[in-house]
Amino acid sequence: MLTKLLPRFSSKLCEVTIKNSKYGGQCITARNAHKAAVLREAGKPVVLETVKKIEKLKNDEVIVRVKVHYCSLNTTDVKIIAGKHAELNVPLPFIPGHEFSGEIVDIGKDNPHHFNRGDRVVVMNDLQDPNGGLISEAVVKNRDVWTVPQSVPLKEMAVLPYGHGTALLTFALHCNLKENDLILITAGPAGMGLAAIDLAVSVYKAKVIAVCDTESSSDLVRDKGAHKVVSMTKNNFTKLYKNVQDAMGDKKAKVAYDAVGKGLLHLLADFVDPAKGQLISVDPFFNAANFPSEVPEFERPKRKEKEEKAAEAEGKAKLIQNVRHFDLYEYPDLDTYRQMISDTIEMRSEGMIAGHISKIFPLAKIQQAIEFIQQKQCTGKVLIDVQCPDVDECPEEKDKKAKSKDGEEKKKSKD
């Protein structure tokens, strides 16, 4: 019956043309269409639309077609959708999602990393690429794809590369983190800080003092092995400063690693070794030129004790002037970029690290997922099941219902 009806309704699938992307086209039929979450105007809700499939990969492009299973919805995606960073000039229409997993269904002629059709893979796309992972099939650069061993679930792999890979780049190559080193890490709602805590504790055996934005995330961070945890309360930075001060005692951290922004590094500079320490930002929206003169979203509490020594004040000023920013995707050395993700995959396959998924939403519930992050309800990464049409069809929901049904039947049998 459906086959007979398709020709009649095929014209209705010609609604969408993504003019500014490789998904552009004139008419979309059922055979060559994909469902995607599309942002057409910053600050407005994303909508599910039917977009054209690229029928054939060009031989002169080093690209891969991936059937997307899971796409991580990051705070960066949500901020772009909300229009909070207009300076990025993200091209519209825009398909969000720069971190996702799936399987290869097609490969361009140039294949330097020797992929095969059917390979299980993880992808890390450019933050500003209008062709992200919230689509049933994505065409991506060969350089941004890694194979995933069978031992690692695709859903977990989708939340690992950006956070853990960036932390690994920072700890291994730029701050020489060692066992028992004291490190301050700020953790927001979408997992960058949580990934750094996981890596610092599980792999480097460092002592982590974590600064979290909610009490619920504080509990998770404790489970991840943080030495001490401080939570922010309603942007009360005076109280936060005092709590960090109490947690540090008379010690100074080797590194302050900030995944939140909001000027928190200005506050944390007081607790980092002014002579040998480092302030590091992994906030994707960090602006190095503006940071030293920017007014933070808090006032540093006035000190009651004697004025700090001139050398200490000078050391803090240098820390602020020399904040280092790292974004793995923007790292200039391609071999290092690829190695960081490869090492992340290997560490996960060996059980050294683990991703944390706060909640999984079907693609049809993308707007609810966005609001879930905006309302700070998540404690780790939020995942979109791209192949799941609706919540009742998702494997996780089926498992829950099956377990619930089994429980009810057992209860009835006991009764």
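## Helix α5

Helix α5 is mostly covered: ten of its eleven residues are buried, where buried means under 20% relative accessible area, exposed over 50% and partly exposed in between, with a 1.4 Å probe and protein chains only. The buried residues of α5 include Met192, Leu194, Ile197, Leu199 and Val201. Helices (H or I, at least four residues) and strands (E, at least two) are DSSP runs, numbered from the N terminus.

This is a predicted model, in which local features need pLDDT of at least 70 and side-chain atom pairs count only at pLDDT 80 or more, while totals for chains, interfaces and linings use all residues. Residues are numbered from 1 along each chain as its sequence is written, and side-chain values use heavy atoms, with hydrogens and water left out.

## The chain as a whole

The chain has twelve helices and 15 strands. Of its 415 residues, 52% count as buried. The chain exposes about 20200 Å², and 48% of this is supplied by carbon and sulfur atoms; accessible areas come from the Shrake-Rupley method with a 1.4 Å probe, and for residues only the protein chains shown count as cover.

A contact means heavy atoms within 4.5 Å. Among contacts in the chain between residues at least 6 apart in sequence, 72% join residues at least 24 apart.

## Nonpolar cores

A nonpolar core is a set of buried Ala, Val, Leu, Ile, Met, Phe, Trp, Tyr and Cys residues joined through side-chain atoms within 4.5 Å. The largest one has 52 residues, and those that touch the most other members are Phe171, Ile183, Ile185, Val208 and Tyr257. Helix α5 (residues 192-202) gives the largest share of this core, seven residues. Both domain 1 (34-159 + 356-385) and domain 2 (164-329) give residues to this core, so it lies between them. The domain bounds come from an automatic or database domain assignment.

Leaving aside neighbours within four places in sequence, Val208 is in contact with Ile183, Ile185, Ile197, Ala200, Val201, Ala226, His227 and Lys228. There is also a second, separate core of 42 residues, which includes Ala37, Val66, Ile81 and Ile384.

## Val282 in its loop

Val282 lies in the loop between β12 (278-281) and α9 (310-321). With a relative accessible area of 1%, Val282 is buried.

Apart from neighbours within four places in sequence, the contacts of Val282 are Thr166, Thr170, Met192, Tyr257, Asp258, Ala259, His325 and Phe326. One of these, Ala259, is 23 residues from Val282 in sequence and 5.2 Å away in space, C-alpha to C-alpha. Another, Met192, is among the buried residues of α5.

## Aromatic pairs

Rings of Phe, Tyr and Trp (its six-membered ring) pair if their centres lie within 6.5 Å; planes under 30 degrees apart count as stacked, over 60 as edge-to-face and the rest as tilted. By this rule the count comes to seven aromatic pairs. One of them is the edge-to-face pair of Trp146 and Tyr337, at 5.4 Å centre to centre with 70° between the planes. This pair links distant parts of the chain, as Trp146 is in strand β7 (residues 145-147) and Tyr337 in helix α10 (residues 334-349), 191 residues apart. Trp146 and Tyr337 are both buried.

Tyr337 also pairs with Tyr329: the ring centres are 5.7 Å apart and the planes are at 80°, so this pair is edge-to-face. Tyr337 has 1% relative accessibility and counts as buried, and Tyr329 is buried with a relative accessible area of 9%. Trp146, Tyr329 and Tyr337 form one aromatic cluster. The charged end of Arg143 sits over the ring of Tyr329, 5.0 Å from its centre; for this, NZ of Lys or CZ of Arg must be within 6 Å of the ring centre and within 35 degrees of the ring normal.

## Backbone details in loops

Leu92 and Pro93 are joined by a cis peptide bond, with omega about -5°. Pro93 lies in the loop between α2 (75-82) and β4 (99-107).

Although His114 is not a glycine, it has a positive phi of about 55°. His114 is in the loop between β4 and β5 (120-124) and is exposed, with a relative accessible area of 64%. Lys205, also not a glycine, has a positive phi of about 60°. Lys205 is found in the loop between α5 and β9 (207-212), and at 44% relative accessibility Lys205 counts as partly exposed.
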